[in-house]
Structures are given as structure tokens and as C-alpha cells.
Amino acid sequence: MILDPDRGYDLIGDIHGCAHTLERLLSELGYRLQGGVWRHPGRMALFLGDLIDRGPRIRETLHLVHGMVEAGEALCIMGNHEYSALGWSTPAPADSGRAFVREHTPRHARLLKETLEQFEAYPDDWRDFLAWFYRLPLFIDAGRFRLVHACWDAGLIGALRATHPDGRIDAAFVRASASPASFASRVAERLLRGTDLPLPQGMALTGRDGLTRTAFRTKFWEEDPQTYGDVVFQPDALPEHVAERPLSPAQKANLLLYGADEPLLFVGHYWRRGRPAPIRDNLACLDYSAVMHGKLVAYRLDRETRLDPDKFVWVEVERAGALP
Ligand SMILES: [Mn+2]
């Protein structure tokens with residue numbers, strides 16, 4: 001996808017239903033509500049996915065972003081939460097042993113709970129947005145910069161492009177992903193959830209989001225890592241004895257490396273904390289846990305080919321009822 005080189009771009013991380021915070025951020029960036037759509041005279045917003053789930057104004061968020069995309073004021077890629085909503089709503093193939101692509105377990109239900117509740121009185125609206133999720137590409141490659149929700153895997157993206165040149169998937173793709181070994185499942189997992197490693201045998205960690213996991217999220221850009229601690233990339237630290245564990249040769253061989261000389265890459269997904277900054281001068285994560293009372297973060301991209309630490313803009317999310 002080739003974007004207009006004369007336009008500036010504002011990349012925006014995971015919103016998760018924080019529509020008021022998004023309005024504050026857009027306002028801060030100089031966008032104004034005109035004719036029902038947020039617009040900027042010379043810039044375009046690029047959303048990194050995960051518009052839904054967890055937050056208080058999911059429906060408003062979808063209307064806002066959808067309105068901007070329809071008006072040509074924004075583009076939006078798919079996050080793992082939109083993909084999960086499609087999987088939840090899509091019957092699985094008969095031979096898969098599942099009823100739905102994303103099984104209706106209590107854990108999955110909990111993640112989608114706020115979304116389904118907020119759309120309970122608007123079933124047609126929800127059906128329209130599910131259809132719209134298929135319009136959201138899994139990645140955007142604009143040449144000098146790239147967007148993906150969690151992880152740029154050049155091999156899988158190359159293969160996906162052969163069948164889905166614009167990065168948009170369809171219901172057949174989602175149905176195929178009911179089988180964990182399928183190409184569709186590998187693409188969705190890798191691009192939208194990133195890379196991970198299993199925790200040592202029998203170990204499970206409970207994250208800030210209250211979910212218990214037997215794997216931890218890993219970096220896909222580390223040159224020559226030696227230990228688990230060198231590759232961990234998530235808000236919850238590994239216990240020291242796990243962080244010190246050496247990576248096996250097989251684990252090292254399986255790690256991805258997004259090179260320091262590749263185009264600028266923007267991701268969301270990782271629940272970062274602290275002051276927004278580049279990870280490396282060609283890599284930024286813009287998810288700073290807005291829905292967990294963190295920050296909603298944007299990066300203002302112009303013509304630069306290396307990220308500028310001074311071009312991050314953010315709004316703090318205030319706790320409801322907190323004193324000013
Ligand atoms: Mn997210």
C-alpha cells in the first residue's frame with residue numbers, strides 16, 4: 001500500500017474502548033470534529049488495531065474510527081481483539097472438533113464481555129462492525145514504514161501477500177484458523193499476538209490483566225540474546241531464576257530478528273509503561289495500556305527515516321472519580 005508521501009501520519013496505539021481518551025488525543029494532535037468526522041487539514045491517522053474490548057466506550061470508539069476510515073481521514077489495521085471477535089462469531093469447520101473458531105470458553109467470554117454487553121441493544125450495529133473488521137488489513141507496508149499489531153514476520157507476510165495482496169483476510173481464512181497447525185492460524189498468531197516462549201515446565205504466571213499464562217511474550221528484534229531475560233517483552237517480569245535461564249540453540253534459532261536497517265516499524269499490543277520512547281530508532285510500540293489507566297500514545301510521523309524521541313504525543317488516562 002503506497003500512502004501519500006506529502007501527508008503527515010499520526011500513528012495511534014491500542015484504544016480498547018477508551019473513546020473519550022481518543023477524542024482528547026485527536027484534539028491534542030490538531031484534529032477537529034467536522035461534519036461528524038474527526039479531520040486534520042494535512043494529516044492522516046493510522047490506527048494499530050485493538051479498538052474493542054475491556055473499555056467503557058467500545059461502540060463509540062468503533063463509530064469514531066470507522067467514520068474516519070470511511071472519510072479517508074484514517075486507516076486502521078486489525079488487532080488480535082478484532083480477530084478474536086471474528087473467531088468467536090464464526091462457526092468452525094465440522095472436522096475441527098470445535099463449535100466456533102474461537103471456542104466459547106469462560107476465558108474467551110471474559111475478554112469479549114464488555115464488547116458484547118455494550119452492543120447488546122445494538123445487534124445490527126455489531127453485525128456491521130464484524131463485517132467491517134474484514135476490511136482491516138493484518139499489516140500495512142508503506143515502503144519507508146510499516147504497521148502490524150504485534151510482530152512483523154517477513155516470511156509469513158510474504159506468503160500471505162501471495163493470496164491476500166492487500167493484507168485483508170476473509171471468512172474462509174478465519175474458519176481455516178480453527179486448526180492450530182494451519183497457515184491462517186500461524187499468520188494470525190504471529191502477526192497479531194507476536195512471538196513467545198513457553199515458561200519452564202509446570203510454571204504459570206498471572207499477568208496484570210488477571211489472566212494466567214504458561215508462556216511469556218518475547219522480543220523479535222534482539223541481536224544475539226543469551227537468556228530468557230534478554231528476550232522477555234511484557235509488563236510482568238520473569239522470576240529471577242527464569243530470567244537467568246540460557247536459551248537453547250533451538251530456541252535461539254527460532255527467534256525472529258527485525259533488523260536495525262529495515263524500514264520504520266510501528267506496533268501496538270504490548271502493554272508498555274513509563275515514558276513513551278522508541279524501542280530502537282526504527283521500531284516503536286505505541287501501546288501504553290490506556291485501558292489500564294496508562295497512556296494513549298501517538299507518534300507524529302513526517303519524512304524522517306529514523307524515529308525521533310520528541311515526536312511521541314500522549315494523553316494520560318484519568319481514573320473515573322479521581323481528584324483533579
Ligand atoms: Mn491490545
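In which strand is D10 found? In this predicted model, D10 belongs to strand 1, which spans residues 8-12. The residue is buried, its relative accessible area being 0%, and, leaving aside residues up to four places away in sequence, D10 touches L29, Y31, R43, M44, A45, L46, Y299 and R300. Because buried means under 20% relative accessible area, the value of 0% places D10 in that class.

The manganese ion is coordinated by three residues, namely D14 through OD, H16 through NE2 and D50 through OD, at 2.1 to 2.4 Å. Along the sequence these donor residues follow the spacing D-x1-H-x33-D. D14 and H16 are both buried, and D50 is likewise buried, with a relative accessible area of 2%. D50 lies in the loop between strand 4 (43-47) and helix 2, and its phi is near 65°, a positive value in a residue other than glycine. A phi near 65° is also found at H293, again a positive value in a residue other than glycine; this residue is placed in the loop between strand 14 (287-288) and strand 15 (295-301). In contrast to the buried D50, H293 counts as partly exposed, with a relative accessibility of 37%.

For helix 1 (residues 19-28) and helix 2 (residues 58-70), the axes come within 8 Å and cross at roughly 40°.

Turning to the open spaces of the model, the largest pocket has a volume of about 1,100 Å³. Its lining consists of 44 residues, of which N80, R102, E189, R193 and D196 are the closest to the centre. Several elements give two or more residues to this lining, among them helix 3 (80-89), helix 4 (106-118), helix 8 (183-193), strand 8 (195-198) and helix 11 (249-254). The lining of the largest pocket divides by class into 13 nonpolar, 16 polar and 15 charged residues.

The second largest pocket holds about 260 Å³ of space and is lined by 16 residues, with T21, P56, R57, V317 and E318 lying nearest its centre. In this lining six residues are nonpolar, five are polar and five are charged.

Strand 9 (205-206) and strand 11 each supply at least two residues of the lining. Strand 11 (215-218) is also one of the elements that give two or more residues to the lining of the largest pocket. By class, the lining of the largest cavity has six nonpolar, three polar and five charged residues.

Notes
Residues are numbered from 1 along each chain as its sequence is written. This is a predicted model: local features need pLDDT of at least 70, side-chain atom pairs count only at pLDDT 80 or more; totals for chains, interfaces and linings use all residues. Side-chain values use heavy atoms; hydrogens and water are left out. Axes are lines fitted to C-alpha atoms, for helices over the stretch in contact, and angles run from 0 to 180 degrees between N-to-C directions. Helices (H or I, at least four residues) and strands (E, at least two) are DSSP runs, numbered from the N terminus. Donors are N, O and S atoms within 2.8 Å of the metal (3.2 Å for Na, K and Ca); water is not among the atoms, so sites may look incomplete. Buried means under 20% relative accessible area, exposed over 50%, partly exposed in between (1.4 Å probe, protein chains only). On a 1 Å grid over the protein atoms alone, a cavity is a set of points where a 1.4 Å probe fits but cannot get out, and a pocket is an open set with protein on both sides within 12 Å along at least five of seven lines; lining residues have an atom within 4 Å of a point. Grid points are joined across faces, edges and corners, and a volume is the space filled by probe spheres set on the points. Ala, Val, Leu, Ile, Met, Phe, Trp, Tyr, Cys and Pro count as nonpolar, Asp, Glu, Lys and Arg as charged, and the others, Gly among them, as polar. Contact means heavy atoms within 4.5 Å.
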